[in-house]
Amino acid sequence: MHVHDHGHGHEHASRQMEDLLINLETCPVAFVVFGSEAGRDRAVTVVGGAGVEIHGSVCSLKASTHEPREILWENLAVTTADRKMKHLKGVSLVLASCMAWTVLLYLPYAYYMASFSYARGDEPGQFSEGIFIGLVVGSQIGLFVASSMAAKQEQWHYESDVQKMYTLYYNSALILNLALDIVLQAYLSYIQMVGVGAHTAQGKPLGSLTRFQEIFESYPMQKSVGSLLFKYCWPCTFFVPFLAEPFVAQLLPQHIGRLLIGADPRIKGLNAVKALELSEMEQGRYADVIFNVILVCFIPFIAPAYMHMTFMALIVSHVYLYCYDQVKVLRYVVSFDCSSPDVHNLGMKLFSIPLSILAGALVFKANQLSGGTELGSGVLQEKALLAAIVGAMVIHLVLHLALLRCATSAFATDVDRSESTATYEDTAKLFPATYFSVNPVHCLRSKY
């Protein structure tokens, strides 16, 4: 909320602000500050589950686990019932973004690629690979923006909840995007190889195979899909977005800020500092890293020759990412608040997805080894194989989450601060961001 003072209108603006503050309605959430931590704990214990009655309404009381700077004060009036419709809008926005990218960008690219006969040299050149890289990187940037918008419009009370929803939205959108990419690219590759008369290792024409399991397990398809997946990983996902990030998110905004300050002498002091101020460091990196690991875990489904290359690409890109984030946190962000473990706990749970995919891939490879030299000759066939793969993934997912819950519960530690003599006033002197100083309404009340 901004109050503009134009000199003669100061008294009028003050009266307007006073009327606004007097007519404000309270929201369902309030923060009660105690003089000491022991006093807070006693109050929570005394009230218990019965709550305390205030003006005819029963209010529950619990110890806050969120630091003041993490609270989104403007969203505290939004209730859980209000958020259900906002959540539906967020899901619709992410799904619409995926579908729009597929229909408006990728289908024209697929139509262009399918226009070649792939026979007698009639095939696309290196330009098509550049288009593919641009489409993959562009789609990831678009899904990043859509996921961020979807998470913020749900108006959560705390920043950690916003980051959790962003991580869920972004990972879900990227997995759906990956499925669309690989399926369409695999189909185009199949058309290409049938057009050039590709044969399996047993000498059969690829076009003569009728069962999906035979087609997918054939060496031409395994090699083609493996090449596509590796190209999707490197450089499209593992490297290009992170290589461009420092230029787009740090260096370019700072350069534009310097140009603005140099061009307009009125921008000085605090305004000049604001012009050069960069964004805060967020915990959305969990989504990037987890999706990279998900991509790697899909590699065992195809030719193992790409295994070491993909893992090396993952290691190289993540070493660069670690170094970049170190410099970013220390030099190029205005702040980095991480007072809640919620996003980290969600990241540990989401890590069960790539390991579940790896369990399904092991079932697929074991079934291949159980057969002979003929394609699709494993013990499990078609629907039985699919059921075994899905079953292995689901069983691992359930066991992983159960063991994770047991491990986190067993190693959880509670710090006993009952004997603490520190007061809220003394702590506020060390950490100026308090429940009073960062509350916009309280700041206005202190003036009006």
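Helix 4 and helix 7 are roughly perpendicular to each other, since angles of 65 to 115 degrees count as roughly perpendicular, those under 35 as roughly parallel, those over 145 as roughly antiparallel and the rest as oblique. The axes of helix 4 and helix 7 (residues 219–237) come within 10 Å and cross at roughly 70°. The model is predicted, and local features need pLDDT of at least 70, side-chain atom pairs count only at pLDDT 80 or more, and totals for chains, interfaces and linings use all residues. Residues are numbered from 1 along each chain as its sequence is written, and side-chain values use heavy atoms, with hydrogens and water left out.

**Helix pairs**

- Helices here are DSSP runs of H or I with at least four residues, and strands are runs of E with at least two, both numbered from the N terminus.
- Axes are lines fitted to C-alpha atoms, for helices over the stretch in contact, and the angles run from 0 to 180 degrees between N-to-C directions.
- Helix 3 (residues 80–114) and helix 4 (residues 126–153) have axes that come within 9 Å and cross at roughly 170°, and these two helices are therefore roughly antiparallel to each other.
- The contact of helix 3 with helix 4 is made of 16 nonpolar, 6 polar and 2 charged residues, where Ala, Val, Leu, Ile, Met, Phe, Trp, Tyr, Cys and Pro count as nonpolar, Asp, Glu, Lys and Arg as charged, and the others, Gly among them, as polar.

**Residues of helix 7**

- Met221 lies in helix 7 and counts as buried at 5% relative accessibility, buried being under 20% relative accessible area, exposed over 50% and partly exposed in between, with a 1.4 Å probe and protein chains only.
- The C-alpha atoms of Met221 and Tyr187 are 9.7 Å apart, although 34 residues separate the two along the chain.
- Pro235 also lies in helix 7, and a cis peptide bond with an omega of about 5° joins Trp234 to Pro235.

**Helix 10**

- Helix 10 (residues 285–297) has 13 residues and reaches 19 Å from its first C-alpha to its last, close to the 18 Å expected at 1.5 Å a residue, the expected span being 1.5 Å times one less than the number of residues.
- Because 11 of its 13 residues are buried, helix 10 is largely enclosed by the rest of the structure.
- Among the buried residues of helix 10 are Arg285, Asp288, Phe291 and Cys297.

**Cysteines**

- The structure holds 0 disulfides, a disulfide being a pair of cysteine sulfur atoms within 2.5 Å.
- Cys233 is in no disulfide, and the nearest cysteine sulfur, that of Cys236, is 8.9 Å away; Cys233 is also buried, with a relative accessible area of 0%.
- For Cys297, the closest cysteine sulfur is that of Cys233 at 10 Å, too far for a bond, and Cys297 is buried with a relative accessible area of 8%.

**Backbone with positive phi**

- Most residues other than glycine have a negative phi, and most peptide bonds are trans.
- His55 has a positive phi of about 55° although it is not a glycine; His55 lies in the loop between strand 1 (52–54) and strand 2 (57–59) and is exposed, with a relative accessible area of 85%.
- Glu382, likewise not a glycine, has a positive phi of about 45°; Glu382 lies in helix 14 (residues 382–410) and is partly exposed, with a relative accessible area of 32%.

**Separations along the chain and in space**

- Val32, in the loop between helix 1 (10–22) and helix 2 (37–47), is exposed with a relative accessible area of 54%.
- Val32 and Tyr435 are 403 residues apart in sequence and 8.9 Å apart in space, C-alpha to C-alpha.
- Tyr435 is found in the loop between helix 15 (424–430) and helix 16 (440–447) and is buried, with a relative accessible area of 17%.
- His255, in helix 8 (residues 240–263), is partly exposed with a relative accessible area of 44%, and its C-alpha atom is 8.5 Å from that of Leu276, 21 residues apart along the chain.
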